[in-house]
Structures are given as C-alpha cells and as structure tokens.
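Trainee: Could you walk me through this model, one feature at a time?
Mentor: Gladly; let's look together.

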Amino acid sequence: MYIEDIEKEIQSNDAVMLYFSGENCGVCTALKPKIQSSFEMHFPKIKQIFISASDYPQIAAHFSIFTIPSVLVYFDKKETKRESRHISIDQLIQSTKRPYELFFN
C-alpha cells in the first residue's frame with residue numbers, strides 16, 4: 001500500500017472513508033467491524049479503505065494521523081469529516097448523513 005494508491009482512490013471515487021487503526025489497539029479492533037457495517041448499511045456508495053497506522057506510518061503521517069483509531073471521510077476529493085480516538089458511531093453516521101444525501105441525491 002502506497003500514499004499514491006490512496007490518493008488515487010480519493011481522486012477517482014466520489015466518496016471515500018479512511019479508517020486508521022493499529023495492531024495493538026483493542027478499541028481499533030472492536031470499532032472496525034461496527035464502522036464497516038454501519039457504512040455499508042447507511043452509505044453504500046462510500047468506498048472504504050482500512051489502513052494500519054503501525055504497518056504504514058508514512059501513510060498515517062501523510063494524512064496527519066496522530067492518534068488511533070481515526071476516521072476520515074472525503075466527498076468530491078475534499079476531507080469533510082475527521083474523527084479520532086473517542087469515536088461515536090451514531091454521531092459519525094449522523095454527521096456523514098447530510099453531506100452524503102446532498103452529494104448522492
């Protein structure tokens with residue numbers, strides 16, 4: 001996985017969600033399937049990319065990730081949402097719903 005690959009995905013997709021986690025992060029491991037299924041259910045048109053910050057520290061640094069877990073949501077190549085550390089799935093869904101509906105409806 002390279003920075004260029006992720007940047008290409010952001011440029012070529014209408015909407016992208018990046019999820020940064022770590023291999024020794026229990027919260028990251030527990031949160032990942034919940035976020036994944038929530039985005040699949042509520043936002044099927046958002047491409048999901050999961051990145052291990054411990055395996056790819058250069059990618060985490062490129063996206064200014066200083067804490068994990070972190071979620072970045074892009075619409076039309078622009079970062080519109082960033083959540084880190086204490087992530088509420090309900091709040092993440094609510095705050096992503098409006099731009100998603102505006103962009104895709």
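**Reading the sheet and the helices**

Mentor: Ala-15 stands opposite Phe-75 in β3. This is a predicted model, where local features need pLDDT of at least 70, side-chain atom pairs count only at pLDDT 80 or more, and totals for chains, interfaces and linings use all residues. Residues are numbered from 1 along each chain as its sequence is written, and side-chain values use heavy atoms, leaving out hydrogens and water.

Trainee: In which sense do β1 and β3 pair?

Mentor: Strands of a sheet pair through backbone hydrogen bonds, either parallel or antiparallel. Pairing requires that DSSP finds at least two bridges between two strands. Here β1 (residues 15-21) and β3 (residues 70-75) pair in the antiparallel sense over six bridges. Strands are DSSP runs (E, at least two residues), helices are runs of H or I with at least four, and both are numbered from the N terminus.

Trainee: What is the order of the strands in the sheet?

Mentor: The open sheet has four strands in the order β2-β1-β3-β4, with mixed pairing. At its edges are β2 (47-52) and β4 (78-84), each pairing on one side only.

Trainee: How is Asp-90 placed, buried or exposed?

Mentor: Buried means under 20% relative accessible area, exposed over 50%, and partly exposed in between (1.4 Å probe, protein chains only). Asp-90 is found in helix α4, and its relative accessible area of 61% makes Asp-90 exposed.

Trainee: How far apart are the C-alpha atoms of Asp-90 and Ser-38?

Mentor: They are separated by 9.2 Å, although Asp-90 and Ser-38 are 52 residues apart along the chain.
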